[in-house]
Amino acid sequence: MIKINRWIPALTGLLLTAAVFQGCGRPEKTKPLTVSAVMDDLVTRLYSSFSAGEMDTLSQEYLLTLFTPEERQVLSTQYWTFEVNVPVTVSLMRHEKQETVPFWLEASGFRKTEMIVKNESYTYEVWQKDFPKGRVELGVNGLDKHRPVYFISVAPQATGDSLEIAPVFPENQHFETMGPGAFTYHDWDELRLTEVPEALTGQVLFTTIRGRAREAHLIGAFRDTPYPSGNLPDQVLLTWSDDPKTTMDVQWRSNDRVAAGEVQYWQADSDDTLSVSAFLYKMEDRLLRNDRYIHRFTGHMTQLEPGMLYGYRVGSVSDGWSAPATFRTEAAAPAGFSFIWFGDTHRSPVYGEMVRKTFERHPEVSFYQIAGDLVSTGLYRDEWDRLFEYSGQVYAHKPLMPIPGNHDNQDGLGAWMYREMFSLPANGPDGIPEELTYAYTYQNALFLMIDGTQPVAEQSAWIEKQLAGSAARWKFAMFHFPPYNFEEDYSEIRKEWCSLFDKYHVDMVMSGHMHYYLRTRPMHTEKPVSSPADGTIYTMSISIEGKQEHWPDEAYAVIRYKGGPLYQHISIQDHTMTYYCYNADGQVMDHITISK
C-alpha cells in the first residue's frame, strides 16, 4: 500500500514496412514539437494504418522506424531539459529490471558505470555523461510503460564550482540532496533511497513521478472499451455542485458526433417542462482505439423546489433522449434522511451487482458516496465505462458524491479524468484543484469530502474553517486513507486532521484503501474512549473481495472483517444516527446507534 502526494508541477519480425505510412497525411508544424505532440501524431497514424491485432504486436525496434528524424530527436531530448551555469556530470539511475534500455541513452553519449543505487524496492544502474555549461537535454524513459522511471542527479565537474540550475522543464522541479533517505518519486514519497555510492552522495537529485512512464507508452499500450459511446446518451449521473434543496446536476456521455445536449425536467405532478443547455467537454483517451474521443455533457438545474420529486431526461431533438428518470430535492426543513457509502469499488462487477441490489433494498436513500478508488487506473477511460455500466441506472436516480483515491489520481499525474466525470462543489481549499476536496450540508449533517492524495497540512485550515462554521448536529468526514489500520501509519493525518475532529467532535470518519472492514471504538487524542459523545468513530470498508493474509490485533477495533463486498447504510433522524453495515445479500454485519 502506498500513499500518494501531488506532483509538484507540472512483433519483432512483423512483415510490415515504414512505407505503410506514406501518404497518411501529417499536419504542418507551426511551433516546436513536444513529446506529447509527437506521440499524438504517431498514434493517429497508427490507427489509420494498422489493425488492432497488428498494433498489439509492434516492437520498439519497429516503432522507432515510424518516427521521422525530427520526431525521434524530440523523444531523445525534450523529456527533461534544464540549464546549468558550469560544466556538469549527469548521473542517470535506470531501473535494472527494465527490459529495454531507452533507445537514445547510449547513442547520446551516456555510459554505464559499475555503480548502483538502491531504495527499499528497486535497484538502479548508474549511467553518466559529462555536459558543458548550458542546456542539458534528456529523452523519454522508453516506449514501454516501465513504472519505475529513471531519475537523475547532477554535480559540477570542477570541485568548488557553485552550481545553478534554471530554467527546468517540466517546471517547478523539486530537488533533493542525493543520499540515503532521499525520495525520488512524488507519487510514492515514502519510498526512500537506502544505498547511494559515495561518489554521488550530496549531488542535486531531480525527483520525478512514476506516471512519466506513460508519456511515450506504445508497447502493449492500446486498449478497447467493451462499452463504446453512441449517439444516444448513456452513463447518466446525478451529482450536486450547489444547494441540494434547489439544484441538481446531471452528467452523461455521447460519441463525438453529438454536438450539443440539453436537460428537460419537470415536477412529477406537473405538465410544465423546463429545459437547460448542457456544457460540453471533449474527452480524449488517445490509446483507447475503439472510442478515442467522446463528448461528456453537464447540465445544471437550478431554482428547483425543495422536497419535490422531479422527472427529467437528457439528450437532444436531433440525436435522441435518455429514458426518463426521477430525483428528489432535499426537504426544506430537516425531516430525516439516509444515505449509503461504499469503500473501494475498483470498477468491479462485484460492486456493480451490490449497488443495484441496494437501490432495490433501500429506495428511500437520498444519495450515495464512494470513499475513493472508484476505478483501478484513473486515466483509462475504459475503466470508467465499466464502472458506470456495472452501476446500472442507480446514479441516474440518486446523486453520487465521491472522493478520489490513489488509483483515481494515478501515478502522480493528477485526477483530471475523475474531475471531468463529476460535477461537484468547488468550495475546497485554496491551492487544491477544484472539486477534489469539498464540503456540503444535507439537512442537519455536514459532510467533509477530503482528497487524501493531496498534501495533508495544506488542507487543515480549510477543514477547521468548515467545522468551526458549521451548526450541523451531525458531522462526517470521508477520505481514502484510514488513520487507523494495521498496514500503514498515517501519523500526519492523525496529527493534522484527527486533532480537528477531536476539537469539533466529528461523529464518524469513513475511509477505504486497506481492503478490509473496520469500525473503531470512539477515539480521542489517538486513544479509545468510552462513549461516542467523547470521540470519533473511524470506519473503513470495501466493495470488492478482500486480500488480507496476515491479521494482527488492533486494540482500538470493535469489529473487523477480512474482506467484502460490503456497504454501509446510515440513517439520520434528528437526534439519532443509525449505522448498519451489510454484505451484498443484505445480511447485517455490523450495527450501532448513536443518540445526542
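## Aromatic pairs

In this predicted model, the number of aromatic pairs comes to 53. One of them joins phenylalanine 337 and phenylalanine 339, with ring centres 6.3 Å apart and planes at 25°. The pair counts as stacked because the angle is under 30 degrees. Phenylalanine 337 is buried at 4% relative accessible area, and phenylalanine 339 is buried at 0%.

A single aromatic cluster is formed by Tyr79, Trp80, Phe82, Trp104, Phe110, Phe131, Tyr150, Phe175 and Phe206.

## Helix α5: length and cap

Helix α5 runs over residues 349–361, 13 residues in total.

The N-terminal end of α5 is capped by serine 348. A side-chain oxygen of this serine lies 3.0 Å from the backbone nitrogen of valine 350.

## Helix α5: buried side

Which residues of α5 are buried? They are Tyr351, Gly352, Met354, Val355 and Thr358. These residues cover an arc of only 165° around the axis, and therefore sit on the same side of α5. In general, an α-helix has 3.6 residues a turn, so residues three or four places apart point the same way.

What do the buried residues of α5 pack against? The partners are the strands β20 (337–342), β21 (367–371) and β32 (566–573), together with the helices α6 (381–390) and α7 (394–397).

Threonine 345 is located in the loop between β20 and α5. Is this residue buried or exposed? Threonine 345 has a relative accessibility of 0%, so it counts as buried.

Apart from neighbours within four places in sequence, threonine 345 is in contact with Tyr351, Ile370, Gly372, Asp373, Leu374, Leu387, Ser543 and Ile544. Among these contacts is Tyr351, one of the buried residues of α5.

## Cysteines

How many disulfides does the model hold? The count is zero, where the cut-off for a pair of cysteine sulfur atoms is within 2.5 Å. A disulfide is a covalent bond between the sulfur atoms of two cysteines.

Cysteine 498 is buried, with 2% relative accessible area. Cysteine 581 is buried as well, with a value of 0%.

Conventions:
Residues are numbered from 1 along each chain as its sequence is written. This is a predicted model: local features need pLDDT of at least 70, side-chain atom pairs count only at pLDDT 80 or more; totals for chains, interfaces and linings use all residues. Side-chain values use heavy atoms; hydrogens and water are left out. Helices (H or I, at least four residues) and strands (E, at least two) are DSSP runs, numbered from the N terminus. The expected span of a helix is 1.5 Å times one less than its number of residues. Buried means under 20% relative accessible area, exposed over 50%, partly exposed in between (1.4 Å probe, protein chains only). The arc is that of the directions from the helix axis to the C-beta atoms. Contact means heavy atoms within 4.5 Å. A polar contact is a pair of N or O atoms within 3.5 Å; within protein, one must be able to donate a hydrogen and the other to accept it, and residues adjacent in sequence count only if both atoms are side-chain atoms. Rings of Phe, Tyr and Trp (its six-membered ring) pair if their centres lie within 6.5 Å; planes under 30 degrees apart count as stacked, over 60 as edge-to-face and the rest as tilted.
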